[in-house]
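Hi,

Here is the structure I promised to pass on to you.

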Amino acid sequence: MNTSKNVSKDIKAMQNGDKNRRTLIQVVVAVVLIALVAAIALFIVNKDSTSGDASSAAGSGATGAQLTPTTLTDNGAIRFGNPDATTVVSVVEDFQCPACKNFESISGSTLQQLAEAGNVAVDYRPISILDRFSNGTMYSTRAAGASICVAENDRDNWMSWHTSMFEQQPSEGGTGLTDDELVAIAASAGADSPAIASCITDGSYTDWVTTQTQSVLGEGINGTPNVRVNGTDIANPTPENILAAAAAAGN
């Protein structure tokens, strides 16, 4: 009988031991689950916080509603002169390009004279291939977009604006002109409507400029300025060479 009692005591002790172990395991499992839930909650909170920061950062440089120009030629050119002319002088330019500034100062007035002659069309095709030289501010893109803003809303003052833009061209490697400065240049050229100002500050044609740039590069044009008469490159686009090429194309 004593043996039986001892066995019972041993079994009871084992049962108590199992119960204690089960209790300990349950406590450990509960602690692990609580820690896991807390970790998941912390991850979700951090993720939402990070997403909010990213959204804010993107928003600070985001563009407004994107527009498609309605007054340009089929290949995205701002055309002056006779819209039906058989002789077309085409100029591809980047407002950050020093060579384009030099070209404008030498040959800009000649292009205006051709456009006013009545038998020649002059096409300006602004693109953005030099954003890397404006310290992250995408000046080439913003300036090209501004050119479309002015062309769409105040074509009469575009030439004056165009001249002023190159006269006030920022140096490469800087931050470029601000949107407010672009608006001020437009206003000083007579293109001072609220529509132009909001178009520039909203970056309304940013996407269009990007697409147009890729389209121009796809034509094999890899640098600016690129000057062509009826599709043929003018290697040295001086006023004399432009006039000679235009005259030859008109014969």
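Below is what I found, going from the whole chain down to two residues.

A word on the source: this is a predicted model, where local features need pLDDT of at least 70, side-chain atom pairs count only at pLDDT 80 or more, and totals for chains, interfaces and linings use all residues. Residues are numbered from 1 along each chain as its sequence is written, and side-chain values use heavy atoms, with hydrogens and water left out.

The protein chain has eight helices and five strands, taken from DSSP runs (H or I, at least four residues, for helices; E, at least two, for strands) and numbered from the N terminus. In order, they go α-β-β-α-β-α-α-α-α-α-β-β-α. Of the 251 residues, 38% are buried, meaning under 20% relative accessible area with a 1.4 Å probe, protein chains only. Take the contacts (heavy atoms within 4.5 Å) between residues at least 6 apart in sequence: 78% of them join residues at least 24 apart.

How far can you trust it? The average pLDDT (the predictor's confidence in each residue, from 0 to 100) is 83, and 75% of the residues score at least 70. Over residues 1-21, though, pLDDT is below 50, and this stretch has one contact beyond near neighbours in sequence. Residues 27-62 also stay under 50, with zero contacts beyond four places in sequence.

Now for Asp-94, in the loop between β2 (88-93) and α2 (98-117). Asp-94 is buried but has no salt bridge, which would need a side-chain nitrogen of Lys or Arg within 4 Å of a carboxyl oxygen of Asp or Glu. Arg-132, the nearest side chain of opposite charge, is 7.3 Å away. What does the side chain of Asp-94 reach instead? The backbone nitrogen of Ile-129 at 2.7 Å, and that of Leu-130 at 3.1 Å. Leaving out residues up to four places away in sequence, Asp-94 touches several others, among them Cys-100, Ser-140, Phe-166 and Thr-224.

The other one is Ser-134, in the loop between β3 (121-126) and α3 (139-153). Is Ser-134 buried or exposed? With a relative accessible area of 0%, Ser-134 counts as buried. A polar atom of its side chain lies 3.0 Å from the backbone nitrogen of Tyr-139. Beyond its neighbours within four places in sequence, Ser-134 is in contact with Gln-96, Tyr-139, Gly-174 and Thr-175.

Cheers

Conventions
Buried < 20%, exposed > 50% of the residue type's maximum accessible area, 1.4 Å probe, protein only. Lys, Arg positive; Asp, Glu negative; His and termini not counted. Polar contact = N/O pair within 3.5 Å; in protein donor to acceptor, adjacent residues only side chain to side chain.
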